[in-house]
Amino acid sequence: MLVENVSTRIFHIVFFTYDSSAYVHFYDCNFRCKGCLRKLSIWDCHLPSDVASRLKFRGFLTLEGLNNVVVELISKYGMKRAVLGGGEPTTDPNLAKILRVLKGLNLDIAVLTNAYTINENVMKEFVDPHVTVIVSIKSIDPVKHEAYTGFPLRPVLDNLIKMHDLNVKLLIETIAIPGFNDEYDIGELARFIASLDKSIPMIIDSFIPVPGAPWRRTTLSELERSEKAASIYLDNVYGRGKVIVEGLKGEVYLIFPEL
Ligand code: SF4
């Protein structure tokens with residue numbers, strides 16, 4: 001397959017053996033979230049700290065470079081899935097082309113996005129049974145959403161509704177933030193999602209403290225209360241903080257940049 005040699009905004013890739021997936025990190029983001037994990041490090045949080053501390057930014061992959069890396073991951077490790085996140089994938093002007101390259105390699109694709117701005121070409125690529133769009137909604141309360149992200153909630157909900165109407169495969173993510181996004185707000189978010197389709201899955205992450213954000217780590221019982229509140233409205237609710245408590249299964253390989 002002939003792949004264009006244009007630049008992407010992809011600066012980092014890691015591979016997870018437990019589900020044969022590569023996590024593809026995009027550099028830029030259009031939000032300014034108070035609790036963004038990138039305040040701790042721009043490198044994947046699953047890498048051993050001695051590896052992350054030695055990593056240096058080495059620029060962006062081209063589309064051709066991405067294709068070559070993924071072809072190698074498929075032949076060497078049997079890669080099945082690409083997860084695009086970061087950062088915010090929709091800020092890459094070449095996201096639609098990136099999606100076409102990954103689809104051409106027969107991968108399942110998950111795109112983690114704040115859904116604030118999605119251009120028409122990208123939206124078209126999202127309409128595909130092999131693509132899941134994971135929409136991260138920090139709060140269903142418009143005032144809190146803007147306070148946390150710096151940007152209004154309405155465009156996020158409008159894009160979510162648009163994707164639902166186009167039959168895009170969706171998953172919702174939110175974070176249980178003690179004293180900010182608690183079980184009441186998470187229940188209300190679930191109620192809104194259920195008004196579209198109660199079978200859309202929701203993942204609730206635990207909050208991890210970062211410099212400059214006033215909140216502490218979520219406890220397991222807070223996470224479970226939020227799960228319960230969301231489960232009133234939605235059929236599939238998962239608290240992902242439990243996975244962090246239990247530890248990640250399998251190996252994590254640094255793919256790009258190399259040390
Ligand atoms: S949308 Fe994600 S990457 Fe962007 S600032 Fe918020 S938490 Fe960070």
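A residue counts as near a molecule or strand if its C-beta atom, placed from the backbone, lies within 6 Å of it. By that rule, the residues around the ligand are Cys-29, Phe-31, Arg-32, Cys-33, Cys-36, Arg-38, Gly-86, Gly-87, Glu-88 and Asn-114. This is a predicted model: local features need pLDDT of at least 70, side-chain atom pairs count only at pLDDT 80 or more, and totals for chains, interfaces and linings use all residues. Residues are numbered from 1 along each chain as its sequence is written.

**Ligand surroundings**

- The shell around the ligand has four nonpolar, three polar and three charged residues.
- In this count, Ala, Val, Leu, Ile, Met, Phe, Trp, Tyr, Cys and Pro are nonpolar, Asp, Glu, Lys and Arg are charged, and the others, Gly among them, are polar.
- Two residues of the shell, Gly-86 and Gly-87, are joined by a cis peptide bond with omega of about 10°.
- Gly-87 sits in the loop between E3 and helix H3 (95–104). Helices (H or I, at least four residues) and strands (E, at least two) are DSSP runs, numbered from the N terminus.

- Six of the six residues of strand E2 (residues 21–26) are buried, so the rest of the structure largely encloses E2.
- A residue is buried if 20 or more other C-beta atoms lie within 10 Å of its own, exposed if 12 or fewer, and partly exposed in between; C-beta atoms are placed from the backbone.
- In a regular strand, side chains alternate between the two faces of the sheet.
- Both faces of E2 are covered: Ser-21, Tyr-23 and His-25 are buried on one side, and Ala-22, Val-24 and Phe-26 on the other.
- E2 pairs with strand E1 (residues 10–16) in the antiparallel sense, over six bridges. Two strands pair if DSSP finds at least two bridges between them.
- Ile-10 has Phe-26 of E2 as its bridge partner. Phe-16 stands opposite Ser-21 in E2.
- E1 and E2 form a hairpin with four residues between them. In the turn, Ser-20 has a positive phi of about 50°.
- E2 also pairs with strand E3 (residues 81–86), in the parallel sense and over six bridges. His-25 stands opposite Gly-85 in E3.

**Strand E1 and strand E9**

- E1 is mostly covered, with seven of its seven residues buried.
- Four bridges join E1 to strand E9 (residues 252–256), and the two run antiparallel.
- Val-14 belongs to E1, and its bridge partner in E9 is Leu-254.
- Val-14 is buried, with 21 other C-beta atoms within 10 Å.
- Not counting residues up to four places away in sequence, Val-14 touches Tyr-23, Asp-44, His-46, Leu-47, Val-252, Tyr-253, Leu-254 and Ile-255. Contact here means C-beta atoms, placed from the backbone, within 7 Å.
- Tyr-253 lies in E9 and is partly exposed, with 16 other C-beta atoms within 10 Å.
- Leaving aside neighbours within four places in sequence, Tyr-253 is in contact with Val-14 and Phe-15.
- Tyr-253 and Thr-17 are 236 residues apart in sequence and 8.1 Å apart in space, C-alpha to C-alpha.
- The segment after E9 holds Pro-257. The peptide bond from Phe-256 to Pro-257 is cis, with omega near -5°.

- In soluble globular proteins, nonpolar side chains tend to be buried together.
- The largest nonpolar core has 63 residues; Ala-22, Ile-109 and Met-202 touch the most other members. The largest share of this core, six residues, comes from E1.
- Such a core is a set of buried Ala, Val, Leu, Ile, Met, Phe, Trp, Tyr and Cys residues joined through C-beta atoms within 7 Å.
- Beyond its neighbours within four places in sequence, Ala-22 is in contact with Ile-13, Phe-15, Val-70, Leu-73, Met-79, Ala-82 and Ile-255.

- The buried residues of helix H5 (residues 142–149) are His-145, Tyr-148 and Thr-149. They cover an arc of only 80° around the axis, so they lie on the same side of H5. The arc is that of the directions from the helix axis to the C-beta atoms.
- Just after H5, Gly-150 takes a positive phi of about 90°.
- Ala-115, a residue other than glycine, has a positive phi near 60°. Ala-115 lies in the loop between strand E4 (108–113) and helix H4 (120–126), and is buried with 23 C-beta neighbours inside 10 Å.
- Asn-167 has a positive phi near 65°. Asn-167 is in the loop between helix H6 (154–165) and strand E6 (169–176), and is exposed with 11 other C-beta atoms within 10 Å.

Definitions and conventions
Two residues are in contact if their C-beta atoms, placed from the backbone, lie within 7 Å.
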